[in-house]
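Open the model in a viewer and keep the selection panel at hand. The stops below are meant to be taken in order.

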Amino acid sequence: MARSGFVRSATVVVSSVVFAAVGATHAVAEPAKTTSADPAAVRAALDKTVAAGAPGAFAVVRNHGGDSTGDQKIAVGKSDLGGTPMNAGWRFRVGSNTKMFTSVLVLRLAEQGRIDLDKPLREYLPAGTLPTGWDMTGRQVLQHRSGVYDHTNDLLEQAGEETTAAFEKRIRNTVYTPAELVALSVKHGQQFTPGSRYSYSNTNYALLGMAVENITGKSYAKNLSTQIIKPLNLRKTSYVVPKKTIAGAHVTGYLTNDDRTKPLLDSTEQNGSWVGSAGAVISSAADLDRFLAALMAGSSGGLVSDESLRQMTSTQPTPTANVSYGLGLREIKLSCGKVYGHGGIVQGYQTQSFATRDGKRTVVVFANASNNTSVTQGLTNTLEPAFCGTKPPAASKFRSADAGGARPGSTAPAVPVVDDTRF
């Protein structure tokens, strides 16, 4: 997301005890070495993604800092089952890439002194949202270390992927309020002592969206528009909940049917209220590139201060090998270094959006099918050649507690499917 920066008039206020509060963190690593992408290897990974069951896929590689000679835009397959070629310029649902946008809104409030990330988030929510004694901090919520149950588990019928029956019954047309989503979660009680471990939960970011609204007195959509979309001129980015349609030219999304002998289910039109500020943004590859570039530029990018960016990229381990998590940003370790961004999977759409720490390269990869872990793995495997210019490394052995990773002692790709296999 782009380099057209803007200046905030609010005074920057950042806690002096910020790093002491987060516990042991990974040091911010040197950026991945900027080498030329390997277009043949990127295309091969995209072809495998399509062979695994996606109608189409694409990768957009952008180099920033004056050298665009290595930019790549590679599209394979179809944008719909009618045969329209895949178009890397069209809109799509970004799923959990939304969490990066939400995190930026929260960090901007922290800079203004309107929220203290090391105080209980409950203090910044409407009264009664969380029970008394639920004292997980805003930082722990951002890190997925809050102990808050993921409400989406109650809306789906199997771990990791929704069934097509659940999609039609509970997702496509049903409108949920954020408070209703949180109530689903609260029924299960706290899952563990806040800060003691990592557990990915979409409810965390539903809560953060509620906090943004409560603090500012404005809707999440309005905050997103005035603080990110308009200043960065993100012309294809929107948050239209509870509308079900995607305006303008867009890729058709398909949910893999429970019965693999049946055709893919067109899931393009759907109500995103069930994930809201955790996963309902609509965007494009160009806009995601613009946003990431501005974010990784820190103060000069106009989104967050350099200090806020350091906090966002200071990560802690997850159960998945080579993957860590900061404040709304995922860190993936590739052969040439570490990259930062997020992935997103929402019915019919899969996106991985990452950048080097210095912002010199951004990569957005996409496929228009979900509920298929082979598609997810194929798409994730494009990151290595896109950033490092090499073919995906040979399979390596590692242990992972993540359902999407390897079983102990088995082999798995060096860039594994990460923990949020749904969104």
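**Stop 1: two packed helices.** Select H3 and helix H10 (residues 285–296), which pack at an angle of about 40 degrees with their axes 12 Å apart. The crossing of these two helices, H3 and H10, is left-handed. The model is a predicted one.

Now show side chains at the place where they meet. On the H3 side, pick Met100, Phe101 and Val104; on the H10 side, pick Leu288, Phe291, Leu292 and Leu295. Which classes of residue make up the contact of H3 with H10? Seven residues are nonpolar, none is polar and none is charged.

**Stop 2: the ring pair between them.** Keep Phe101 and Phe291 selected. A pair of aromatic rings is described by the distance of the centres and the angle of the planes. For phenylalanine 101 and phenylalanine 291 the centres are 4.2 Å apart and the planes stand at 15 degrees, so this pair is stacked, the limit for that class being under 30 degrees. Phenylalanine 101 sits in helix H3 and phenylalanine 291 in helix H10, so numbered that 190 residues separate them, and the pair links distant parts of the chain.

**Stop 3: helix H9.** Select residues 220–229, which form helix H9; seven of its ten residues are buried, so the helix is largely enclosed by the rest of the structure. To see which ones, colour Tyr220, Asn223, Leu224, Ser225, Gln227, Ile228 and Ile229, the buried residues of H9. They pack against H3, H10 and helix H8 (202–216).

Centre on isoleucine 228. Beyond its neighbours within four places in sequence, isoleucine 228 is in contact with Phe101, Val104 and Leu105, with Asn223 and Leu234, and with Phe291 and Leu303.

**Stop 4: the cores.** Zoom out from Ile228 to the largest nonpolar core, a set of 78 residues. Leu224, Ile228, Phe291, Leu295 and Leu303 have the most contacts inside this core. Helix H3 (residues 98–111) gives the most to the core, with eight residues. Another core, of 25 residues, lies apart from it; Ala37, Ala59, Ile74 and Ala367 are among its members. In soluble globular proteins, nonpolar side chains tend to be buried together.

**Stop 5: the other rings.** The whole structure holds seven aromatic pairs. Select Phe58, Phe92, Tyr349 and Phe366, which ring pairs link into a cluster. Within it, look at tyrosine 349 and phenylalanine 366: with centres 6.1 Å apart and planes at 40 degrees, the pair is tilted, because its angle falls between 30 and 60 degrees. Tyrosine 349 is in strand E11 (residues 349–356) and phenylalanine 366 in strand E12 (residues 361–367), 17 residues apart. Tyrosine 349 and phenylalanine 366 are both buried.

**Stop 6: a residue in H4.** Go to glutamine 140, in helix H4 (residues 138–142). Why does glutamine 140 count as buried? Its relative accessibility is 17%, and buried means under 20%.

**Last view: the whole chain.** The protein chain has 13 helices and 15 strands. Of its 423 residues, 59% are buried. Among contacts in the chain with a separation of 6 or more, 72% join residues 24 or more positions apart.

Definitions and conventions: Residues numbered from 1 in each chain as written. Predicted model: local features only at pLDDT ≥ 70, side-chain atom pairs only at ≥ 80, totals over all residues. Heavy atoms only, no water. Helix = DSSP H or I, 4+ residues; strand = E, 2+ residues; numbered from the N terminus. Buried < 20%, exposed > 50% of the residue type's maximum accessible area, 1.4 Å probe, protein only. Core = buried A, V, L, I, M, F, W, Y, C linked by side-chain atoms within 4.5 Å. Contact = heavy atoms within 4.5 Å. Axes fitted to C-alpha atoms, helices over the stretch in contact; angles between N-to-C directions. Left-handed = near helix turned anticlockwise from the far one by under 90°. Nonpolar A, V, L, I, M, F, W, Y, C, P; charged D, E, K, R; others polar. Phe/Tyr/Trp six-rings, centres within 6.5 Å; stacked < 30°, edge-to-face > 60°.
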